[in-house]
Amino acid sequence: MPPPPRSIILVNATKVYPPRLLTALSSEATVSVITLPEYAGRYPDVARLELVSSLYDFGGVTRAAMEVAREHGVDHVIGPAEMSVPAAGLLRSYFGIPGTGFETALSFSNKHLMKQRLRAAGLPVTDWVSVPSVERVPGTLSELGAPVVVKPVFGGGGQHTFVLKSAADAAALATSPHAAGLREAGCPVIVERFVEIINEYHCDGVVHDGEVRFAAVSRYFAPLLGQIGSVSGSHIVAAADPVSGHVTDLHRSTVAALGLRSGVTHMELFETSCGFLVGEITCRPAGGGVPEVVLRQYGVDLWQAFTDTSLGRTPSAATDPATSTFAWVDMPIRPGRVAELSSAEELATLPGVVEVEMHAAVGDVIGTHMHTSTTTARLYVSLDDVADLDQRLGDLSAAFRLEVEPMRAAVAHA
């Protein structure tokens with residue numbers, strides 16, 4: 001058993017680190033936080049709060065960590081958000097402390113490097129090219145053809161991702177207002193050959209001492225690309241399903257190829273007419289309702305396992321499988337002022353719904369900056385038979401109410 005930590009740095013941004021775990025950490029160690037200014041209000045009681053303009057500003061993050069180290073020292077670093085994975089790895093390497101170092105963290109966050117290492121290991125990935133800026137994207141079509149998928153080398157949640165169907169689309173990306181976030185991402189751009197996806201899966205695992213101790217396979221209701229704001233989510237795939245065995249084998253090989261010794265993983269995979277492709281993998285808990293569904297289905301707490309592995313502890317991966325199949329459902333969301341929205345009480349009465357999380361309320365103004373986990377309400381659903389899923393989703397959609405005022409009117413009333 002490792003000694004109790006004295007000082008922990010939490011490097012975080014958009015992802016909400018579970019308050020129960022933050023409270024537990026604060027009871028046994030000094031907890032400091034490095035985050036962006038817009039998230040400072042989440043951490044009123046930490047020992048030290050350091051603000052940076054971007055977690056990809058590695059120099060700024062390192063200077064902030066030095067301020068913490070001068071006052072409290074640094075024993076462990078926790079990086080639960082997609083954008084905090086490389087920063088947390090850098091700090092571990094910089095201070096020489098245990099955990100996933102910078103090189104491995106980059107393999108799980110830099111999409112270009114990730115694909116290089118996976119292809120070198122013989123794992124199936126789609127063809128790609130990395131370029132320094134969107135202005136270079138048109139030149140990649142001579143090698144990849146069209147259509148292609150374009151996104152930042154760093155990032156997640158489907159943000160700043162575009163499907164380009166022609167050379168004209170590629171040329172327009174350099175000036176399109178919709179691509180401003182991509183142009184301003186401050187990192188290279190990855191251009192991938194577009195593939196027709198039959199089904200999209202994810203695999204969520206717990207790794208310790210270089211061994212996958214637990215892995216859960218789930219299927220998204222529909223491929224995520226282009227689904228932001230729509231009904232979305234995933235359901236558990238039974239361990240006896242042949243797809244589950246194939247996906248867990250790919251997950252195990254991917255973890256080995258990228259060199260993760262201990263941590264929690266979230267991996268995306270595509271089923272195509274030519275077989276399975278590894279999309280991406282990261283070493284932090286999944287977003288959306290995935291951790292809660294895994295907990296309900298198997299009794300494995302991915303957030304606790306992530307915290308334990310970040311602190312050098314052995315994670316629990318003991319399973320207690322449920323007899324029913326669990327799913328999470330994100331209900332639609334649209335920009336504007338919410339004028340009408342189904343209540344939690346109404347949604348809780350729908351067949352199969354076991355829990356409701358409300359993420360919006362009447363009067364809220366929803367902006368245009370959304371990602372794959374942005375929703376008005378997240379429902380957790382229990383299914384006696386997964387074959388009933390489509391009917392259940394149809395019933396939920398039919399019963400759900402959402403009315404929004406257009407963004408221009410919402411701004412005028414604000």
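Is V149 buried or exposed? In this predicted model, V149 is buried, its relative accessible area being 8%, because residues under 20% are assigned to that class.

**View 1. D330 and its polar contact with R378.** D330 belongs to strand β14, which covers residues 325-330. With a relative accessibility of 1%, D330 counts as buried. The side chains of D330 and R378 form a polar contact of 2.6 Å. Beyond residues up to four places away in sequence, the residues touched by D330 are S230, V231 and S232, together with T372, S373, T375, A377 and R378.

**View 2. The second largest pocket and its lining.** The volume of the second largest pocket is about 350 Å³. Its lining is made up of 22 residues, and those that lie nearest the centre of the pocket are G99, T100, S262, G263 and T309. Two or more lining residues come from each of the elements α3 (85-95), β12 (263-272) and α11 (302-310). Sorted by class, the lining of the second largest pocket comprises 12 polar, 7 nonpolar and 3 charged residues.

Methods. Residues numbered from 1 in each chain as written. Predicted model: local features only at pLDDT ≥ 70, side-chain atom pairs only at ≥ 80, totals over all residues. Heavy atoms only, no water. Helix = DSSP H or I, 4+ residues; strand = E, 2+ residues; numbered from the N terminus. Buried < 20%, exposed > 50% of the residue type's maximum accessible area, 1.4 Å probe, protein only. Polar contact = N/O pair within 3.5 Å; in protein donor to acceptor, adjacent residues only side chain to side chain. Contact = heavy atoms within 4.5 Å. 1 Å grid on protein atoms, 1.4 Å probe; cavity = no way out; pocket = protein on both sides within 12 Å on 5 of 7 lines; lining within 4 Å. Points joined across faces, edges and corners; volume = space filled by probe spheres on them. Nonpolar A, V, L, I, M, F, W, Y, C, P; charged D, E, K, R; others polar.
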